[in-house]
Every structure is written in C-alpha cells, then in structure tokens.
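Subject: Handing over a structure, with notes on its packing

Dear colleague,

I am passing on the structure below, followed by my notes on what was found in it. Please read the notes with the structure open beside you.

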Amino acid sequence: MRKQKLAALCCGVLLLACGCGAVPAARPSEPTALETATVEGLDYYLLEDEAGLRAIGDTYPLSGNYLLEQDIVLTGQWIPIGTEAAPFTGVFDGNGHTIQGLHVTGSGGGTGFFLSCSGAVVRDVVLEEAEIDIPGFFPIVWEAEDTEITGCSINGAAQGADAWASGGEETAPIEALLSAGYEEMTLSDFRALVLDTFGDAAGLQAALEGLSGVYEADTPEGRLVSLTLPATLAELTGGGASVRLERQRTAGRTLLDTVEFACSLSYEITYDSGSAVTVAERDGALEAVRSRMREALDAMPESLFSTAEAGPALQQALQRAAEDCSLPGLGLAGTVTALTVMGPDGTDQTVYPRS
C-alpha cells in the first residue's frame with residue numbers, strides 16, 4: 001500500500017467543504033495531517049485517530065474517500081458528519097475496524113454517525129458502545145440519498161444495504177413486507193420476518209414513528225403501517241402470550257370551522273398472539289372491532305357523553321364487539337381506558353374513568 005503525507009487543506013477549502021467558517025468546539029482544531037493511499041484505483045485518506053475522524057467536513061472534504069486503519073475510541077460528544085445542505089458524498093470504508101463510544105444527543109433534528117449522505121458509499125462501519133439519544137431509522141446514516149450502505153452494524157445489530165432513512169424517504173422494508181405476501185403468514189412467522197427486517201422491537205418502533213402520516217390510510221402501505229405493524233409491535237413487547245393493543249377514536253362536530261363538540265375514546269384490545277391464525281385474519285378481526293367502535297361512538301347522543309353512563313355504555317359496546325369479532329384460535333377482549341370530552345371552556349375533561 002503506497003502512502004504519502006498530506007498537509008491540512010487551506011481555510012478556503014474548509015469553507016467550501018462544510019459551508020461554515022466556524023469549527024465546532026467538540027472537534028479538534030489541529031488534526032494530524034492525514035496520510036493517503038491508493039487502493040484499487042481510489043485515493044484514500046487514512047484515518048488512524050479520533051482527531052482525523054472528527055476532521056472530516058472541517059479540515060478534510062466531504063467529497064473525500066476515507067479508510068479506517070485501526071480501531072478508534074471516541075471521547076466526548078460526537079458531531080455527525082455532513083449536513084442537509086452539505087452532505088457527505090465520498091467513500092467511507094471501515095476496513096473491518098471498530099469505532100467505540102460514539103455518543104450523539106439530538107434536539108429534534110437528525111442524528112447519527114453521518115447526518116446526511118448523497119451519492120456516497122458507506123461500508124463496513126462497526127459502532128460499538130454507541131449511544132444515540134434520538135433513534136433514527138438507520139443510526140449509521142440519518143438521511144441517505146442514492147447512498148450504498150453495506151456491511152455496517154451498531155452495537156451488534158446488522159445494518160445493511162436495505163436500511164431505511166428517516167422521514168420515509170426510503171421505504172424498502174415496507175415494500176419488502178408487501179412483496180413477501182405477509183398477510184397469509186402465521187403470526188409467529190410474521191414476527192420472525194419483522195425482527196429480521198427491522199432488527200428488533202426498538203427498530204420497528206422507530207420506523208413506525210417516522211412513517212406516521214407518510215402513507216394514505218386506504219393504501220396497502222398505510223394499512224401495514226397503521227394496523228399490522230403496530231399490532232405486531234404489541235406482540236413483540238407484550239412479554240407473553242397476552243397482547244395489549246391500544247386504539248383511539250375521535251368524534252366531533254364543527255360549525256363554520258368552529259369546533260362545537262369533540263370527544264376522544266381510548267381502548268385496549270387483548271388477544272393471544274401464540275395462535276396459528278394468519279396476519280390477515282388477525283388484522284381483519286382487529287379492523288372489525290375498530291369499525292364497530294366507530295359506529296358505537298358516532299351513534300351515541302352527544303348529551304350522553306358527559307354523563308356517568310357514557311364510559312360503561314362504551315365498555316359494553318367494546319365487549320360485544322370483541323366477542324362478536326373473535327375467531328377460533330384468536331379470542332379478543334376489550335377494555336375502555338379513557339374517554340374525554342371537550343368542556344364548555346374548550347379544554348378536555350375526563351369523563352371515564354371518573355376520579
């Protein structure tokens with residue numbers, strides 16, 4: 001491997017690379033000059049310490065190619081590489097080494113090892129003992145556009161080329177589940193597929209949070225995100241055969257764009273997730289209960305909502321719906337957890353349960 005010394009780039013190049021003249025305090029201001037090497041026709045900067053790693057986007061260009069030469073232990077807060085305005089566009093090759101102790105704290109924005117990549121290649125990046133406060137769909141790269149991501153992992157969880165980016169920009173997992181014909185799978189087989197696709201329950205939860213509102217409700221993708229996957233997440237986090245799936249239903253009336261009446265009903269559906277029923281059968285039963293509760297809520301007189309009878313009446317309607325919609329091998333039960341109604345002053349008032 002041929003190596004040569006490169007001096008730090010001049011300030012003018014720094015301004016073009018990161019789009020800002022101020023270097024964040026957490027990055028070392030004078031990193032050691034990086035050696036370079038040519039591998040398979042590409043010129044790489046060789047990263048051997050934390051200072052060099054932190055210099056990407058400051059002293060060294062976001063369009064450069066980087067090769068990790070040894071394991072690196074990070075100290076202090078990590079500032080993700082790249083921004084939405086100036087993404088990383090080069091090649092980052094972890095080369096079989098680990099980056100240990102990455103810690104990122106976000107405040108409502110994206111976060112990860114890379115914040116933004118476009119037309120880049122990120123491969124063989126291994127993060128150990130990483131702490132990322134705001135879960136992203138893919139902690140290696142928060143926002144990826146036309147980017148190849150292969151052979152990466154974070155705290156032992158594989159992150160491969162089919163990883164998804166935040167905001168629903170890449171929805172390969174959803175398309176993969178649809179193409180797999182998931183609806184005809186048994187619940188146990190589908191849980192295994194979900195874990196293989198999203199890594200773990202936390203990964204699935206992060207995906208659902210990011211995909212909220214991305215799809216139209218009446219599309220196959222919307223149904224998968226709003227009904228099927230939340231039910232499966234409840235199964236994965238239930239800690240046993242009994243699953244509690246919370247649902248919410250709102251109703252209201254407006255007059256000339258002014259809200260005259262509004263209420264919100266929350267309830268839980270419990271069922272046995274260990275049965276051999278298919279995903280389609282389970283989803284159909286849950287959808288039938290939801291439809292029944294929509295009808296019950298819409299049929300209840302507004303005058304009844306603020307009375308002591310409202311909660312028990314809806315509880316009775318939920319129990320009937322659960323019994324009627326149960327299937328052989330899939331017994332359903334329901335519990336109303338909360339009923340709130342808009343009061344005269346416009347604030348929500350809890351009607352059920354009464355304190």
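How are H4 and H5 oriented to each other, roughly parallel or roughly perpendicular? Before the answer, please note that this is a predicted model, in which local features need pLDDT of at least 70 and side-chain atom pairs count only at pLDDT 80 or more, while totals for chains, interfaces and linings use all residues. Residues are numbered from 1 along each chain as its sequence is written, and side-chain values use heavy atoms, with hydrogens and water left out.

Helices here are DSSP runs of H or I with at least four residues, and strands are runs of E with at least two, numbered from the N terminus. H4 and H5 pack at an angle of about 75°, with their axes 8 Å apart, where axes are lines fitted to C-alpha atoms, for helices over the stretch in contact, and angles run from 0 to 180 degrees between N-to-C directions. H4 and H5 are therefore roughly perpendicular to each other, a term that covers 65 to 115 degrees, whereas angles under 35 count as roughly parallel, over 145 as roughly antiparallel and the rest as oblique. In this contact (heavy atoms within 4.5 Å), Val194, Leu195 and Phe198 of H4 meet Ala201, Gly203, Leu204 and Ala207 of H5.

The axes of H4 and H6 come within 10 Å and cross at roughly 95°, which makes H4 roughly perpendicular to H6. Among the H4 residues that meet H6 are Phe190 and Arg191, and the H6 residues they and the others meet include Leu229 and Glu235.

In helix H3 (residues 172–179), the buried residues are Pro173, Ile174 and Leu177, buried being under 20% relative accessible area, exposed over 50% and partly exposed in between (1.4 Å probe, protein chains only). The buried residues of H3 pack against H4 (187–198), H5 (201–211) and H6 (220–237). After H3 comes glycine 181, with a positive phi near 65°.

Finally, a nonpolar core is a set of buried Ala, Val, Leu, Ile, Met, Phe, Trp, Tyr and Cys residues joined through side-chain atoms within 4.5 Å. The largest such core has 48 residues, of which Phe190, Leu229 and Leu332 touch the most other members. Its largest share, seven residues, comes from H9. Apart from this core lies another, of 34 residues, among them Leu74 and Trp78.

With best wishes
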